[in-house]
Structure formats: C-alpha cells, structure tokens
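Take a moment with the sequence and the fold below. We will walk from the whole chain down to single residues.

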Amino acid sequence: MIIGLTGGIASGKSTVSKYLKEKGYQIFDADKIAKDLTNEDNIKNKIVEKFGSNILDNNFSLDRKKMKEIVFNDKSKLKLLNDIIHPEVFEFYKKAKENNKENKILIFDVPLLFESGIDSLCDKILVVISDHKIQIERIIERDKIDKTLATNIINSQITNKERIKKADIVIENNGSLEELYEKIERVCESI
C-alpha cells in the first residue's frame with residue numbers, strides 16, 4: 001500500500017514523516033529526491049539553461065537560497081522550475097511503486113503531492129495541516145526568512161481546504177509535539 005503524506009510548508013509534515021520512519025515505515029522523501037536529482041548534470045543543466053548561470057554558487061552547484069528567492073517571488077519562474085523537476089520526481093515514485101512487489105506499506109512524503117500528480121500513485125492520502133499564522137511563525141523561525149517570503153511560499157501552494165478535500169486522513173498540528181505524536185499513533189493503528 002502506498003500512502004501519500006503531504007501538507008503545506010511548516011505544517012509538521014516532516015515531523016510526521018520522521019516519526020513514521022522511526023516506527024519502521026519506509027519513507028521516500030520528495031525533497032531529498034528532488035535535491036539529488038537537481039545535482040545530476042542533465043537536470044542541473046536544464047535549470048541553468050532556463051535561469052542562467054548566476055544561480056550557481058562558487059562550486060558550480062545550485063544556490064538553493066537564491067533559487068528560492070527567485071521562484072517564490074515570481075510564479076512563472078516557479079512553474080518553470082516545477083516543469084523541469086516534477087516529471088523526474090514522478091518517474092522516481094512510479095518506479096518505487098512498481099518495485100513494491102511485496103505490497104509493503106510505503107510512505108511517499110511529497111510536499112506538492114497533488115500539484116505533481118504523485119497522488120495518482122497513492123492508495124491513501126494523509127494530510128498534515130496547521131493554521132496559517134502558525135505556519136508563518138514556524139517558517140520565519142526555521143528558515144530565517146522574512147514574513148513576505150514566508151507568505152509567498154505558502155501562497156504558492158494549494159490551500160489546506162483543497163488538501164482536506166482530497167485527503168483520506170487529516171492530522172491537525174496546532175498544538176504540542178506530544179499531541180502530534182498521539183495523533184500519529186492513532187493513524188498508525190488505522191493503517
């Protein structure tokens with residue numbers, strides 16, 4: 001069974017993913033997969049071709065902070081980047097599903113699950129949500145960015161309301177870590 005795990009930025013999705021990994025579930029993290037893929041020369045070259053060589057750092061690697069500032073301040077640039085990366089990530093997940101011959105429970109941890117179409121590969125969808133204000137506070141604290149960029153990042157994603165409509169299971173994460181862990185345990189009992 002494939003479970004798609006998603007949620008808006010700073011919703012607590014990564015904390016849920018980490019907890020599930022500690023419980024023994026096999027996790028496929030889209031952020032890590034995308035990062036690994038963008039380090040491959042053919043994909044990095046496509047990105048440089050569209051964005052210019054000024055997005056490379058001194059080691060000729062992608063400057064991820066610079067990329068974040070560019071794409072989250074211009075929706076057309078975000079779409080351009082996603083059009084390069086999403087098909088590659090989708091193919092990775094498609095192969096992972098095909099290779100799951102024993103029908104183990106696999107967790108596809110994908111922030112942009114619906115936007116990338118990876119939800120079509122999943123049997124169940126688990127969505128983690130948090131209030132907008134809490135997300136803003138968490139992003140500013142975690143990523144050391146300003147409120148405007150934090151808001152732009154949230155606004156670039158689909159809304160919690162849209163995620164909930166497509167979810168089989170919803171975890172609301174506005175409280176303590178202990179409360180979140182209790183909710184995850186209840187989910188584990190039901191899968």
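In the protein chain, 71% of the contacts with a separation of 6 or more join residues 24 or more positions apart. Keep in mind that this is a predicted model.

What is the chain built from? Its secondary structure comes to ten helices and five strands. Along its principal axes, the C-alpha trace spans about 50 × 40 × 30 Å.

Of the 191 residues, 42% count as buried. The accessible surface of the chain comes to about 10,800 Å². Carbon and sulfur atoms make up 48% of that surface.

Next, the charges. The chain carries 33 positive and 33 negative charges. How far apart are their mean positions? They lie 2 Å apart.

Last, the cysteines. How many disulfides does the structure hold? The count is zero. A disulfide needs two cysteine sulfur atoms within 2.5 Å. The view from C188 leads back to C122: its sulfur is the closest one, at 17 Å, again too far.

Are these cysteines buried or exposed? C122 is buried, because its relative accessible area is 13%, and buried means under 20%. C188 is buried as well, with a relative accessible area of 11%.

Conventions:
Residues numbered from 1 in each chain as written. Predicted model: local features only at pLDDT ≥ 70, side-chain atom pairs only at ≥ 80, totals over all residues. Heavy atoms only, no water. Helix = DSSP H or I, 4+ residues; strand = E, 2+ residues; numbered from the N terminus. Buried < 20%, exposed > 50% of the residue type's maximum accessible area, 1.4 Å probe, protein only. Contact = heavy atoms within 4.5 Å. Areas by Shrake-Rupley, 256 points an atom, 1.4 Å probe, with all protein chains shown as cover. Lys, Arg positive; Asp, Glu negative; His and termini not counted. Charge placed at Lys NZ, Arg CZ, Asp CG, Glu CD.
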